[in-house]
Structure formats: structure tokens, C-alpha cells
Amino acid sequence: MKERPAPRPPKDRPGPLEYLRRWPLRIMVGVTLLFLYLPLMTLMVFSFNDSRRNIVWEGFTLKYYEKAFSNASLIEAFSNSLTIAFATTVLSVTLGALAAVMLWRFRFPGKTAVEGGMALPIVVPEICMGVAMLVFFARVMPWPQGLPWPANLGAIIIAHTSFAFPFVATVVRARLASFNRELEEAARDLGASEWRTFWDVLVPHMQPGLIAGALLAFTLSLDDFVITFFTAGPDTVTFPVKVYSMLRFSVTPEVNAASTVLIVLTVVLTAAGLYLQARSEDRKKG
Amino acid sequence: MSYSQDAVSSQSPAPDKAIIRFEGVTKRFGRLAAVDDVTLDIREGEFFALLGPSGCGKTTLLRMLAGFEIPSEGRILIDGVDIASLPPNKRPVNMVFQSYAVFPHMKVSDNIAYGLRMDRVAGEEIRRRVDDALELVKLSGLGERMPDQLSGGQRQRVALARALVKRPRVLLLDEPLSALDAKLRDQMRAELTSLQKKVGITFIMVTHDQDEALAIATRCAVMNRGMLAQVATPSDLYEFPNSRFVADFVGSVNMFEGVLERDEQNEAVVRCADLSAPVYLDHGVTGARGSTVWVALRPEKIEMHKRGPGQQPFKMEDAPQGANVVAGEIRDIVYLGSETNYEVELEGGRRVKTFRSNLTRYDQEDFVQDEPVWLAWHACSPAVLLS
């Protein structure tokens, strides 16, 4: 009997669906990642560049971080941004969750119009929202000037909430679609009032949506430029607005350093949010 | 001190007392009456089944009892008290939902304790009663699990324990076995029955599965288009249906339209167009002579023979010569293990279902496709229906 060549062990050959082990997909993945992250990497790398002008690499330094952290107006803008983002998140999650529950739970005349109206801040061009806010706070409801911090940020917080909460509502609404109404009835049947049922059954179900919505609201608020630019006064500068004003003089590594800090902060917060979400899923599984 | 003794001792020993009374209850959704003028008593300690096809109003009736729907008309009394104005959380009934509705974010023990916490029962007692309830549904030791670590059958037990731990006057079960696979369903049937006997609480079950209702319930109400078609024990429903709907819905049946030809004190004759022989009955019926009636004949009550009347060993001694025997040919044979189903085509073309138990491993008679046979039945077997 003739000896056949041993077939290659199956581990060597990619399976029918293992596209990641074939070169076309590998190249696609590589190019995508490069395209996404190369600009960001450049920004970060050049924040360590020992050069006043940000064009050629002249050596490693941390002095622009020092400079950025000792720049009082930059730090103030930064803390303004965080405060605004935090307040916006709290307001948007509350408002968005309530709106989502209302739209999911009740039938009322004009519901479709309300749903459409809620989506409006998502689709309206940001520049229009910005102008609208400018006019609103100039003519209809002027925010008092010269209030102590953080009350002076009120106008920006209101503006941010108005465009962030529809995102929260959308996410929470999607989550509610998978809610089993029998859970609510079971709680009522076992003796819970409507209020207890809301907290004991509905809110735990909404939780992943609330976390995702909070992350969205926070990041939307933190890096919003256009709307903030139109609502911010001279003493309520936020981080993106400050960076923009710094850029008008020159692109120094200081701007890079500040941006890097913001990126790292955003990534850390997002990771924390995702971790919390994963943990709450895990806890369900035990 | 076991849970079951507690539950039994807290009840008054009055087995025939109506615990629940529906008085002319109607529920309309828009112009459609989902429940139409239902008057029904359910007695203490019963395992009562509401049976009917989907959309017959049985679930609506149950949900009105639980408080999730408000009757458009009529009254619902529990222990003689009208509960129409009570919200679900104030009613002395608890429900096991079709989807079980076990809270996914709570441990098994927290699920079971939930109702007790709502009632502000003391912590020590909660722990004791939760343990008892877990033991009752055979889930001891699983209190720390999360619901998604349980099988479907176990989740249902959690739902049962969660409802029973509150010691309701009445336990409501919405299609309790529909989500289980066949093997588990049989096991759970038996367990529900023994559980009900053990705790002594009145159970009301909604189901569309007539086998389930016959197997479990002590009494059934068959519903059709929002109305009660018949309320009776399982065997009465099966053997003495009061209408074509009930005869057809409960079990399998051969239905023949005919004319009531004779009706005496203890015999009656119906002549059916589809049957070559008259149907003879050894009891009178209540219809008017000459009126249209329907003869319902259960498949297992039809005997199948290879030889015709007069030829030995064929004999159907309780009917006059020529009655209750018809000829046909076997058209379809379905072997089911414990029994074999046959479909026999009569001379007029009408097909009749019948079956034979496979009493021995080799069928002595060995009926085959297209074989001419005789079908016969006893004079007491057909049910004559007036509507």
C-alpha cells in the first residue's frame, strides 16, 4: 500500500470562518486601525516634543505638561468643563430616563410629535443649536452675569443638557423595549406600590441603559465646542474653547499636552463606565 | 413547624364554600367583549382550570381576579367581599406568571422574600418562611443562585415559591406548563397536584391545553368567545359535553349531524346522513322529536372488527339488529406505540377516527391499509348534543 502524505493538521489551516487568519482581512484591520489612531498618536507623541514649533522632532521633554498644568486659565477651563459635564450628566440622565419611561409606558395624544421633537436636538446642525442658544440666552432668558462659580456655568449646563438628554432617552428607550411587563405585574402582585415597582424592577432593568447614557452625556458635554462657544461668556471658558483660543496664536506642544490629558481622561472614564456595566451584568450572572 | 401545616391551620374547614364569586362579570376592550357576563363560583380548596382556545377570555378573567384589569360590569367577590376597588398589591391573591417573571437582578431567596418584605414581615420570620418555601418547591440550597443560573423548570418553582410564601387565599397560574418541555411537563403536572393538596390553597389555572386541564384540575370551566360553555369535573366534560364546542374542544371526537327520530323514556334513535345505520341510545334525550341534533362519538368508544354483524365473533348485543354498526375501509394508519390510530372511510365518504390499544406486541388481527372493516359502538357511548 502506497503511503499518502500526511494531511496538514487542521490547526494550521484557517477554518472557513476564521477570516482574521487570512491576509486580506488582516490588512483591512491594520489600515483601519492606522487611519483611526495615527492622528491621535501623532498628537500625543508631539506633546513630548522639545520644540516651540510643532513640526520637527527635537527631543523628549515633559516641560509642556508642566507649562500646561501651571497655566491657571487652562486649569480653570478644565475644571469648568468637568463641572459642566458632571452637572449635564446628572440632569440628562434624570430627564432622559423619565422621558424614555413616559414614551414607553403611556399612550397619549401627540405622542408621535413628542417623540419626533425629542429627536430634534440630535439631528439639528450643531451650529444652529448654538445660534439658537445664543439668541435664547440673550433675549428670552438671560442668565444673570457675575454669579459665583459654579452658578455662572448654568447657561452652558442648560444648553448641554438640552442636546445631551435626547441621546440618553434614546438609549434608555431601546433598553426598555426588552422589558417584560410581567415583571412589573409580578411586583405589584406581590404587594409593591407603583413607586416601589418603579425602583425595584424598572430601574434595575434600565441600569445598563442609564450607564451608557451617562457616558454619552458626559463625553458629549466634555468635548462640545460649537454650542459652548456661543453660550460661554468671558469668565466661563471651557476646555475646548480655551484650546481653540490658544491655537489662534500658535500650535504649541502645550496644546498637545492639554489635549493628551483630555484624551486619557476620557478613555479612563469610558473604561470605568464599561467596567461598571460589565460588573453589573456579571452580578446578574453571579 | 413546616410551612404546609401553617397554611392549612390558617384555613377554615369549609370545603363547599365559594371562595371566589364572579357575578355577571363583563370586560370590554373597545367594542369587543373579552369576557361576557360570566357568573361562576369557585370553591375553597379546589384546583380549578379555566380552559379554552386562545382569545376566549380566560386570561382576562384571571387578570381581573389579580387586579390587572377592571371589570366593565359585574362584581368579583373574594370571601364575600367585593374586590373591584382594590389595587393588585392589596388583594389576597398571588399569581404565577406565564413567563414566570422571576426578578433577574435578585437572588432566588430575595425573589421569594420580596412579597414578605413588601408586607413588612420581620427579618427573622422572612428567613424562616423563605427556607420553608424553598423546601416546599424542592429548591433547598439554591437560595443564593441568580435566576439565570437556573433551568426553566427551576425558575418556575421560584415563581411558585414566591407566590405561595405569601400564603394567598387563592393562587393564580397563567399557562403554568406551556413553556416546559414534554417530559418536565408531565413531572410538573404531578407536582402541582401534590403541592396543591399539601398547602390546601385554592389554585386557579388558565390553560389552552385540554390534556393539562383534565389531568390536573378537580373542576374545569370551558370558555368560548368570552362566555362559559360548561363548568364540570374533567370526566363530566369529556363524557357528558353539553355542546358541540365542548365535545370538540375537549379531546378528539367524531361528530355527526342527524335528526332525532325516536325519543322515549329509556331509548332514543338518531338518524345521521353520514351513517348508513341508525344510532341507537339506551337512554332518552331532551330534544324535540324531528329536531336537528349532533351525535358525538369518541374514537376510543368505537370498536373495529374484521367481520360483519351476524358473523361470529362479532356482536354488539345492547343495540337492535342493524343499529350502531357501519362498514368502511381503513384509509390511514398511524402507529403511536401505546396505541394505533386508524382513519376509516365510510360508504358515504365520511372519515371516522378510531384507535386501538396495542395490548400485545404482535397485533393478532393486523389491520392493514384499505382493508374493509366494521365499526360498532355501544348504545351508551354516543353523546347527543342539542347545540
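Me: A residue counts as buried if 20 or more other C-beta atoms lie within 10 Å of its own. This is a predicted model. Which residues of β3(B) are buried on the two sides of the strand?

Reply: In a regular strand the side chains alternate between the two faces of the sheet. Strand β3 of chain B spans residues 47-51, and five of its five residues are buried, so the rest of the structure largely encloses the strand. Both faces are therefore covered by the count used here: one side carries B:Phe47, B:Ala49 and B:Leu51, and the other carries B:Phe48 and B:Leu50.

Me: Which strands of chain B are the edge strands of the open sheet of four strands?

Reply: The order of this sheet is β2-β1-β4-β5 in chain B, and its pairing is antiparallel. An edge strand pairs on one side only, and this holds for β2 (32-43) and β5 (81-82). The edge strands are thus β2 and β5 of chain B.

Me: What is the bridge partner of B:Arg21 in β2(B)?

Reply: Strand β1 of chain B covers residues 18-29 and pairs with β2(B) in the antiparallel sense, over eight bridges. Within β2(B), the residue bridged to B:Arg21 is B:Asp41.

Me: Which element gives the largest share of the side of chain B that touches chain A?

Reply: The contact between the chains takes 22 residues from chain B and 17 residues from chain A. On the side of chain B, β6 (93-96) and α3 (108-118) each supply at least two residues. The largest share, three residues, comes from α3(B).

Me: What ipTM does the predictor give the complex?

Reply: For chain B the mean pLDDT is 87, and 93% of its residues reach 70 or more. Residues 1-15 of chain B are a stretch where pLDDT stays under 50, and the model has 20 contacts for them beyond four places in sequence. For the complex, the predictor gives a pTM of 0.79 and an ipTM of 0.80.

Me: How many residues does domain 2 of chain B bring to its contact with domain 1 of chain B?

Reply: Chain B is divided into domain 1 (3-244) and domain 2 (253-385), and their C-alpha centres lie 40 Å apart. On the side of domain 1, the touching residues divide into two nonpolar, one polar and one charged. Domain 1 gives four residues to the contact, and domain 2 gives five residues.

Me: What percentage of the residues in chain B is buried?

Reply: Chain B has nine helices and 20 strands, and its C-alpha atoms fill a box of roughly 80 × 50 × 40 Å along the principal axes. Among its contacts between residues at least 6 apart in sequence, 64% join residues at least 24 apart. Of its 387 residues, the buried share is 40%.

Me: How many other C-beta atoms lie within 10 Å of B:Lys138?

Reply: B:Lys138 is found in the loop between α4 (123-136) and α5 (152-164) of chain B. Its phi is near 60°, a positive value in a residue other than glycine. B:Lys138 counts as exposed, and the number of other C-beta atoms within 10 Å is 12.

Me: How many residues of α4(A) are buried?

Reply: Helix α4 of chain A runs over residues 111-123 and reaches 19 Å from its first C-alpha to its last, close to the 18 Å expected at 1.5 Å a residue. The helix lies largely in the open, because of its 13 residues the number buried is zero.

Definitions and conventions
Residues are numbered from 1 along each chain as its sequence is written. Chains are lettered from A and ligands numbered from 1 in the order in which they are written. Two residues are in contact if their C-beta atoms, placed from the backbone, lie within 7 Å. pLDDT is the predictor's confidence in each residue, from 0 to 100. Two strands pair if DSSP finds at least two bridges between them. The expected span of a helix is 1.5 Å times one less than its number of residues. Domain bounds come from an automatic or database domain assignment. Ala, Val, Leu, Ile, Met, Phe, Trp, Tyr, Cys and Pro count as nonpolar, Asp, Glu, Lys and Arg as charged, and the others, Gly among them, as polar.
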